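Keep the 3D view open as you read.

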Amino acid sequence: MRSCKKLGMIILAAIGFAVPALPCLAAEPIKIDLSNETVGGEPKSLVPVVGFWRIEQDGGKKVLTVDGRQWKEGQSSAGIAEKARALYGERYAEFLDRVQAYAYYPYAVAPKIENFSDGEISVRFEGLSGRIDQGAGILFNLKPNGDYLTVRANCLENNIVLWKFENGKRSSVKWVRNTPTATRQWHDLKVRVKGTKVEGYLDGKLYLEHTLTQPVSGRIGLWSKADSHMYFADYTVAAGGN
């Protein structure tokens, strides 16, 4: 069971405030706010690690874009060494080594949420283009050595996959087909974690269920693949209850 103190620490870390210990707080969802971001610039609220990420305007609303049209066998984002040091301190070199192995897969990390282990992560996404892929994923269980998990939907393949990235290799953990995901339409993707159990939802429907060998813990973020050109909005994190 999650203690009140631990729950409060998670929420406070997510919103970026440092205050004395408080009584048990409700697990209010934390939504990453893009309203103060600069259109055309790299996001500040999520740290790009691999790929080309920037803020754009869509119908009067600021959204986060991953632009795989610039992808050429994968490239780390600008200033990656400094970003890695900010995320993982003295272990940044180990993290950098693994990032290079995963350069085919763009991802960005939520810097203020250091350890997500239980609850829900959700995001809205729209596939704009991509000949090889139009992938939108929620990254979680990101370790200092660069290993991570992601649940991703794909507008070209109409499937949801739980991928594991470990020791420089990618492998599919669970694959679910026949999940309608039209291009040029907004969709809702959600991951729910409870202990070792992982659930994946698309547009409110539960498609994917899997039990891991170990509980989830680590950083979280967004994920994509290759030449995917995607919009993301309304990235929300809710801590699990007691």
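**A walk from aspartate 67**

Aspartate 67 is buried, with a relative accessible area of 4%; buried means under 20% relative accessible area, exposed over 50% and partly exposed in between, using a 1.4 Å probe and protein chains only. Before going on, note that this is a predicted model, where local features need pLDDT of at least 70 and side-chain atom pairs count only at pLDDT 80 or more, while totals for chains, interfaces and linings use all residues. Residues are numbered from 1 along each chain as its sequence is written, and side-chain values use heavy atoms, with hydrogens and water left out.

Aspartate 67 sits in strand β4 (residues 61-67). Strands (E, at least two residues) and helices (H or I, at least four) are DSSP runs, numbered from the N terminus. The side chains of aspartate 67 and arginine 69 are joined by a polar contact of 2.8 Å. For that term, take a pair of N or O atoms within 3.5 Å; within protein, one must be able to donate a hydrogen and the other to accept it, and residues adjacent in sequence count only if both atoms are side-chain atoms. Leaving aside neighbours within four places in sequence, aspartate 67 is in contact (heavy atoms within 4.5 Å) with Phe52, Arg54, Ser228 and His229.

Follow that list to serine 228, in the loop between β14 (219-223) and β15. Serine 228 is buried too, with a relative accessible area of 1%. A polar atom of its side chain lies 3.4 Å from the backbone nitrogen of glutamine 134.

Now for the sheet. It is open, has 7 strands in the order β2-β5-β14-β7-β8-β9-β10, and its pairing is antiparallel; two strands pair if DSSP finds at least two bridges between them. At the edges are β2 (47-50) and β10 (169-177), each pairing on one side only. β2 pairs with strand β5 (residues 107-109) over 3 bridges, and proline 48 has alanine 108 in β5 as its bridge partner.

What about the nonpolar side? A nonpolar core is a set of buried Ala, Val, Leu, Ile, Met, Phe, Trp, Tyr and Cys residues joined through side-chain atoms within 4.5 Å. The largest one has 38 residues, of which Phe125, Phe140, Ile220 and Phe232 touch the most other members. Strand β15 (residues 229-239) gives this core its largest share, 4 residues. A second, separate core of 14 residues includes Tyr88, Leu139, Tyr148 and Trp223.
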